[in-house]
Amino acid sequence: MAPDSLPTLQPQPTGDGSYTFVSTTFGEAFHSHYGARQEAEHKFVIPTALATAAQRPQLCLLDICYGLGYNSAAALHAIWAVNPQCHVTLYGLELNAAVPQAAIAHGLLNQWPDPIPTALAHLAQQQAVERDRLQAKLCLGDARQQIQTLAIQADAIFLDPFSPPRCPQLWTVEFLALVARRLAPTGSLATYSCSAAVRRALSLAGLALGSTPAVGRRSPGTIARWQPQDLPPLSPQEQEHLHTRASIPYRDPNLTDTTAAILARRAQEQAASSLEPTSRWKARWQSPHSGV
Ligand SMILES: C[S@@+](CC[C@H](N)C(=O)[O-])C[C@H]1O[C@@H](n2cnc3c(N)ncnc32)[C@H](O)[C@@H]1O
């Protein structure tokens, strides 16, 4: 399938009045249809507590799957609302330069106040920004390789690939281990996903897990930190999910496998597993006596 391009990336409205794109390459929207901006704020910026962290003089952000740049824009907005002097170092990882460029061409970042749209327009065109309060780099290419070039300790990591069945290469044990190594000791990693396989891969990387509210999606998201204190706990249902076959993680030993190879490897491991079938867990929690 041809990569998403400027002509194929056309704004589609979402439930909160903000716009997203639909990827013809991955067969999925870039954001929740309930609200693209709402998702950036409630699944990424609020869970990583950036408004509190912004009291520091400087912060480092890692935006994995930069896309239209909404997570970065919402983060800069939240940080500078609290501390306009906070210096932000931002790294965006993105496969396809046409995505951020199309967002700029359609004026989609203009919902945030200046200097955010002008700075991120420069980032989309030049892949780098050097300003008083912002140093940013857009690392173009496969995030599996780009992440290895970064020697950083991020205060917040946004993990926002397409869903695991569509883009398993960015949810594997091996990739998430590399991601975790770039998380500062007091930093937070947020993702919209509550997949048991993703949560298991994050916990294999040594991170403690919490659940973020199901704003704008049917399911909760995930927040991960090195220290478990103050994390919003997983519900009993979510904890049990981590003991089913759904928790068998995606693997990509050399960080070079295709989507099909990664999916096939996991399916094989699931077929051979003695863990509880996920359908049984699902039926248990759907029963009238389950309390949900
Ligand atoms: C769900 S969208 C991200 C939305 C984005 N965070 C935003 O706020 O607009 C996923 C993004 O991942 C990018 N992508 C897909 N595969 C990738 C890869 N292997 N490495 C880096 N980026 C990738 C896609 O081009 C797309 O822009």
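Author: Gladly! Let us start with a term: contact means heavy atoms within 4.5 Å. This is a predicted model, in which local features need pLDDT of at least 70, side-chain atom pairs count only at pLDDT 80 or more, and totals for chains, interfaces and linings use all residues. Residues are numbered from 1 along each chain as its sequence is written, and side-chain values use heavy atoms, with hydrogens and water left out.

Reader: What share of the contacts in the chain with a separation of 6 or more comes from residues 24 or more positions apart?

Author: Take the contacts whose partners have a separation of 6 or more in the chain. Among these, residues 24 or more positions apart account for 68%.

Reader: How many of the 292 residues count as buried, in percent?

Author: Buried means under 20% relative accessible area, with a 1.4 Å probe and protein chains only. By that cut-off, the buried share of the 292 residues is 54%.

Reader: Which backbone atom lies 3.1 Å from a nitrogen atom of the ligand?

Author: A polar contact here is a pair of N or O atoms within 3.5 Å. A polar side-chain atom of N71 is 3.3 Å from a ligand nitrogen, and a polar backbone atom of Y70 is 3.4 Å from a ligand oxygen. At 3.1 Å from a ligand nitrogen is a polar backbone atom of L95.

Reader: How much of the 600 Å² that the ligand exposes alone does the protein bury?

Author: Accessible areas come from the Shrake-Rupley method with a 1.4 Å probe. Of the ligand's 600 Å², the protein buries 98%.

Notes: A polar contact is a pair of N or O atoms within 3.5 Å; within protein, one must be able to donate a hydrogen and the other to accept it, and residues adjacent in sequence count only if both atoms are side-chain atoms. Buried means under 20% relative accessible area, exposed over 50%, partly exposed in between (1.4 Å probe, protein chains only).
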